[in-house]
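Student: I am new to this structure and would like to learn how to read its features one by one. Could we go through it together?

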Amino acid sequence: MRVDNITLSLAWRNLWRHPRRTWLTVGAMVFSNILLVFMISLQFGMYRVMYDNSLSLITGHLQVQAEGYIDEPRIRSTVPAAGGLANALRQAMPANNVAVRAMAFALVSSAERSFGVQVVGVQPAYEPGVSNLPGLVKQGRFLNASDERAAVIGSSLSRNLKVGLGDELTLFGSGRDGSFAAGIANVVGIFESGSNDIDRSFMQIPLTDFQEIFFMEDQAHSIVVMTPDLFELEPAMATMRYIVDADGLVVHDWDELQPGLKQSVQADMASAWFMYAVLIVLVAFSVLNTQLMSVLDRTREFGIVMALGLAPIRLGRLVFLETGIMAGMGLLLGVAAGSAVVSWFGFYGFTYPGLEEMSARFNLPGRIYPSASFASLVWGPSVVFLACLAAAIYPAAKLLRLQPVAAMRAA
Amino acid sequence: MTPMPVAVLFRLAWRNLWRNYRRTIIMLAAITLGVWAMLFMTAVMRGMVDDMVQTAVRSLPGHVQIHHPEYRDDPSIANSMPPPDQLLLDALAQAGVVAWAGRVRVPAVITSERDTRGTTLVGIDPEAEAGLSFVADDIVEGRFLGSPDDKGLVVGRKMIDDLETRLGRRVVVMSQDPDNEIIDRGFRIVGVYEAKLENLEEAFVFTGRRYAQSMLNMDESISEIGVLGKSYRDVSDLSHLKQLEGSAREVLPWYELDAYLGTMLSTMDGFVLVWIIVVFLTLSFGLVNTLVMAVFERIREIGLMQALGMRPSMILIQVLLETFLLLAVGLAAGNLLAVVSVAALSDGIDLSIVSEAMQWMGVANVLYPTLEIRDLVTTNVVVIVLGLLAGLSPAWRASRYQPVEALTKV
């Protein structure tokens, strides 16, 4: 739209004929823009923590598994010669962390108690690279490469089994071939992940012990890979597919491994977008109302200038320009104030009563830090801006049908 | 001059509202949309939380649960309790208790010839369990347990797949007795259940209570008593049970048993209010604007009325009445729209495209929006009260004009 200086200054002056009305309309935009900027940044901040916490604890970014293991995790669906394959992967993609794991259920007994527990065989040297569980050991230490018959368990499990560091545990389960499997392990470390479910149901032992107890030979159940960037998995996947060139083995990304995660984010986004859409439409209504009034107020005035020869299209342009100036002010003020709010909460964190109790279940912290990015700051306000311009279509179109004489006679 | 009769004020306010019908209609559309969004969103959230709580309550806890004080932190056989004494039996017989059942509930490991899984072995009285928990109603294959002495095992669909076994086959269940002797016992699978949430199908395997007691050498002891009242929302009918709490037993309502759900329910109330207020604030800018313009257009008229002796307070009341009418019409339309749209969705909203997420959060695939009376009341009261507050400033200004100044205004 070509705009000359006169139209611009006309539009500007027109806006300030009713300062209260203009400020109220801009106020609606600023209000909704601050909300949008804050909510969207908060969402992004929360999603990042959700991804990090749920993937870095156990799942990792990519895993090599036997075909079908993902749906039916059976002890005999194994990755053969897993240690050698993991070494090959480490050489091919040095920027990534790679570790081998094996998993089975077993009845774990102490002198006083017995519980069914998921036993995980890990490579002590590599596990800290793919999981933050080793870093959460609060008593004792994590496994090390020379450990034999050692175990790390969760704090709730240690309480329930009534064992401490140095105590012996007995494992009963079934081995890969279905035969009876038994072994012993001494507790060397106790971790606290913050999630009661995990702290109650996990036990880690060295992979070599696991393979011996459960008759696994050189096999395991998954090779876990942690990449530098969770959203740039394609190169790593391609390399892995090339190296893992065996029948019956597949590479899964985190979305396949934890389908609930991405979908929770999508479900949350859907409900968030419903709320945003409502706010945006309401602001657009407010603009529509203001602009329609401002056009109707000036019917006579418009009739006169049209009678003097001004093309109706230029009047339409004027109305759009007025709306554009208001929407621009709303955008700038909204983004500025929104950024201030976001940076304040980005520093101090945002919480509300009950958040802590609820997020504990998903192993999330009780405080959310909004994450500001260009997209999160500008997305919402830009949509508001466009919605406001769209709202001016009807009032502007009314002008095109205006008859000068009738308009001049209007009350 | 006597105050104008209310009927006249009403008629004036109503007519004023329609003098600029376009503006009024736009504002009404905005209020209607806002009110609909407040109610609809709330109904969807309520439906979701309702479903979560009901599913959770049916997956064993009941509305109130009685167990050994240590049992919650350490769900071991060592923390079981004696069967209910006469005092407790009397309390459980009182009005308010719809159903109750004692259970044995211990951690266990289940093994087929193919695989091993961790689970919870639950010994139940099949008749008492009907209506109280999900198992009795959700058997899809085979039969439910017949009596507390039933030696059969009822397992979940997912569990039977995990173990690569099937109905009629034998599995071994391992657990411990009170002296930490490992007990293992062969069971025949007599029934398979399905649950709304897949992880429940792995969480529990069921057998007869007396059979479990004899297998685990625990005499007549039980792990817990689940009690069902009339409604999960209000467990005050069951408060007499709380008085029987002592050193040997703990009595907890579901919202303390599952802190996540309890907090969820109370946070929801806060969320609903915040949502209503946010939508209203967004609306309020347009509302105030509309009123300011309406007053501005009528300055001369207001001046004339004042010159003729109308008192400022009457003008204030008239503008507030106009605000009230605007809000009331918008609310009526918004409420109607919300009721209609919730009724139209009474078959539920299908969420199966995000089913994994729903399972994760403990929600079933179909969501039933529920419009609650108290949410309707909250919404309407908030909108009317805040709306009149927003109308106060333009109304005040209108009543403060000097007649002469107002009359001579262009």
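Predicted model: local features only at pLDDT ≥ 70, side-chain atom pairs only at ≥ 80, totals over all residues.

Student: What is the phi of N217(B)?

Tutor: As a general idea, most residues other than glycine have a negative phi. N217(B) is not a glycine, and yet its phi is positive, at about 50°. N180(B), again not a glycine, has a positive phi of about 60°, and its place is the loop that joins β6 (170–176) to β7 (182–193) in chain B. Because 16 other C-beta atoms lie within 10 Å of N180(B), this residue is partly exposed.

Student: How should I read the packing of α10 and α14 in chain B?

Tutor: Two packed helices are described by the angle between their axes and by the distance between those axes. Here helix α10 (residues 259–297) of chain B packs against helix α14 (residues 373–400) of chain B at an angle of about 30°, and their axes are 9 Å apart. Since angles under 35 degrees count as roughly parallel, α10(B) and α14(B) are roughly parallel to each other. The crossing in which α10(B) passes α14(B) is right-handed, and their contact has 16 nonpolar, six polar and two charged residues.

Student: Which residues of helix α3 of chain A are buried, and where do they lie around the axis?

Tutor: In helix α3 (residues 82–92) of chain A, the buried residues are A82(A), L85(A), A86(A) and L89(A). They cover an arc of only 100° around the axis, so they are on the same side of α3(A). G84(A) and Q91(A), on the other side of α3(A), are exposed. Among the elements that cover the buried residues of α3(A) are β2, β9 (222–226) and α8 (234–243) of chain A.

Student: How many residues of each chain are in contact with the other chain, and which element of chain A gives the most?

Tutor: There are 54 residues of chain A in contact with 54 residues of chain B. On the side of chain A that touches chain B, α10(A) gives the most, with 20 residues. By class, the residues of that side divide into 26 nonpolar, 19 polar and nine charged.

How values were computed
Residues numbered from 1 in each chain as written. Chains lettered and ligands numbered in written order. Axes fitted to C-alpha atoms, helices over the stretch in contact; angles between N-to-C directions. Helix = DSSP H or I, 4+ residues; strand = E, 2+ residues; numbered from the N terminus. Parallel < 35°, antiparallel > 145°, perpendicular 65-115°, else oblique. Left-handed = near helix turned anticlockwise from the far one by under 90°. Nonpolar A, V, L, I, M, F, W, Y, C, P; charged D, E, K, R; others polar. Contact = placed C-beta atoms within 7 Å. Buried ≥ 20, exposed ≤ 12 C-beta atoms within 10 Å, placed from the backbone. Arc of directions from axis to C-beta.
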